[in-house]
Amino acid sequence: MRTGRLTLVPPGRENLPDLLRLKTDPRVFELMLHGVRSEERVREELEDDIDFWAVRGYGTWCVFRTDTGEFLGIAGLMERPDGRGVAMRFALWPECRGQGYAREAARAGLEFGHKAGLERIIAVAWERNQASQHVLRDIGMTECDAFEYRGRRMVVFESRR
């Protein structure tokens, strides 16, 4: 899928080197569900993501700048393991902040999910992560719930169609 500046591609095994760099970097994955990954876990998640796409027809994309082919991170949809539902997620390199890439990728994922038939899509952000909350509000998601996770207050957003 393409947006104005981005190419979003379902992950394949060829993306493993980029995913290893991204998911083992605490600057990117410290605040993600389950935190920074081990190399083994990144490999397992890649296989899970490939299978998820095959079964569901949606999932998490690898995000690239269209003009340069540079790998920026991931964005898309995943089934939350806590039973809250299908969730929007995004994790891009810190160098991408403030350029609208997360917003562009998240908006594309949200639209794709609703077109695929998902009536409700959620997203979860740490209460202190104002940047992620701003992105979620900007793409039309609204705050609907909150919960505690590992001593942090997490805010739940939703989009309904």
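**Exercise 1. Work out which residues of helix α4 are buried, and check the length of this helix.**

Solution. In helix α4, the buried residues are Tyr 101, Ala 102, Glu 104, Ala 105, Ala 106, Ala 108, Gly 109, Leu 110, Gly 113 and His 114, where buried means under 20% relative accessible area, exposed means over 50%, and partly exposed lies in between, with a 1.4 Å probe and protein chains only. The model is predicted, so local features need pLDDT of at least 70 and side-chain atom pairs count only at pLDDT 80 or more, while totals for chains, interfaces and linings use all residues. Residues are numbered from 1 along each chain as its sequence is written, and side-chain values use heavy atoms, with hydrogens and water left out.

Next, take the length. Helices (H or I, at least four residues) and strands (E, at least two) are DSSP runs, numbered from the N terminus, and the expected span of a helix is 1.5 Å times one less than its number of residues. Just after α4, Gly 117 has a positive phi of about 105°.

**Exercise 2. Describe the surroundings of Thr 60.**

Solution. Begin with the element: Thr 60 belongs to strand β2, which covers residues 60-65. Then turn to accessibility: Thr 60 counts as buried because its relative accessibility is 4%. Finally, list its partners, where contact means heavy atoms within 4.5 Å: apart from neighbours within four places in sequence, Thr 60 is in contact with Pro 10, Pro 11, Trp 53, Ile 74, Ala 75, Gly 76, Leu 77, Met 78 and Arg 89.

**Exercise 3. Find the salt-bridge partners of Asp 138 and of Glu 158.**

Solution. A salt bridge is a side-chain nitrogen of Lys or Arg within 4 Å of a carboxyl oxygen of Asp or Glu, and a search of the whole structure finds 20 of them. One of these joins the side chains of Asp 138 and Arg 103, at 2.4 Å from N to O. This pair links distant parts of the chain, since Asp 138 is in helix α5 (residues 130-138) and Arg 103 is in helix α4, 35 residues apart. Asp 138 is partly exposed, at 37% relative accessible area, and Arg 103 is also partly exposed, at 22%.

Glu 158 forms a salt bridge with Arg 120, with the closest N and O atoms 2.6 Å apart. Here, too, distant parts of the chain are linked: Glu 158 is in strand β7 (residues 152-160) and Arg 120 in strand β5 (residues 120-126), 38 residues apart. Glu 158 also forms a salt bridge with Arg 160, the closest N and O atoms being 3.2 Å apart. At 16% relative accessibility Glu 158 is buried, whereas Arg 120 is partly exposed at 30% and Arg 160 is exposed at 54%.
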